[in-house]
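Thanks for coming. I will go through one model today, starting with the overall layout and then a few individual residues.

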Amino acid sequence: MSAECSSYLNANKVLVSGFSCPRTGGDASAVYCCGFQDVKYCCDDPHSFFPYEHSYMWWLSVGALVGLSIAAVVLFTFIITVCVLCYLFISTKPHSKLDTGLSLQMAGKTSC
């Protein structure tokens with residue numbers, strides 16, 4: 001079984017001539033033509049999309065985790081700061097009402 005990869009323009013706008021899969025000197029199980037309009041290659045899985053090893057995805061994941069961790073710490077710090085400031089604002093308010101100078105008396109009673 002073999003497949004034909006048609007010619008294409010790569011990312012640098014250079015014409016790459018078509019070729020047959022599997023390529024001479026390449027992996028014998030790579031019988032499918034895979035890739036995109038600007039990069040084509042022989043592969044053993046017809047549903048393959050990337051000609052690269054997937055190890056680069058690990059570094060993207062680590063970078064994303066570091067970024068998300070930093071964002072989480074900043075958000076957590078902000079929430080703690082708001083809670084502490086609210087507590088300080090509420091706890092430093094005067095607890096007693098202001099004295100107006102007038103005392104309340106029950107109606108009908110006379111004071112001696």
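What follows is a walk through this chain, from the whole down to single residues.

First, the ground rules. This is a predicted model, so to speak of a local feature I need pLDDT of at least 70, and side-chain atom pairs count only at pLDDT 80 or more, while totals for chains, interfaces and linings use all residues. Residues are numbered from 1 along each chain as its sequence is written, and side-chain values use heavy atoms, with hydrogens and water left out.

Now the layout. The chain has six strands and one helix. Helices (H or I, at least four residues) and strands (E, at least two) are DSSP runs, numbered from the N terminus. Read from the N terminus, the order is β-β-β-β-β-β-α.

How much of the chain is buried? Of its 112 residues, 12% count as buried. Buried means under 20% relative accessible area, exposed means over 50%, and partly exposed is in between, with a 1.4 Å probe and protein chains only.

Next, A30. It sits in the loop between β4 (19-21) and β5 (32-35). Is A30 buried or exposed? A30 has a relative accessible area of 7%, so it is buried. Leaving aside neighbours within four places in sequence, A30 is in contact with C21, P22, C42, C43 and D44.

From Y41 to A30, eleven residues apart along the chain, the C-alpha separation is 8.9 Å. C43 is also placed in β6, and at a relative accessible area of 6% C43 is buried. C43 and C21 are 22 residues apart in sequence, and their C-alpha atoms are 8.1 Å apart.

Now the backbone. Most residues other than glycine have a negative phi, and most peptide bonds are trans. The peptide bond from C21 to P22 is cis, with omega near 0°, and P22 is in the loop between β4 and β5. K13 is not a glycine, yet it has a positive phi of about 65°. K13 is in the loop between β2 (8-9) and β3 (15-16), and at 65% relative accessibility K13 counts as exposed.

Last, the surface of the helix end of the model. V84 lies in helix α1, residues 55-91, and is partly exposed because its relative accessibility is 44%. Which residues form a nonpolar patch with V84? They are F76, I80, L85, Y87 and L88, and together with V84 they have about 630 Å² of accessible area. For such a patch, residues need over 30% relative accessible area and no salt bridge, and nonpolar side chains (Val, Leu, Ile, Met, Phe, Trp, Tyr) are joined within 5 Å, like charges within 9 Å. A salt bridge is a side-chain nitrogen of Lys or Arg within 4 Å of a carboxyl oxygen of Asp or Glu.

That is the tour.

Notes. Accessible areas come from the Shrake-Rupley method with a 1.4 Å probe; for residues, only the protein chains shown count as cover. Contact means heavy atoms within 4.5 Å.
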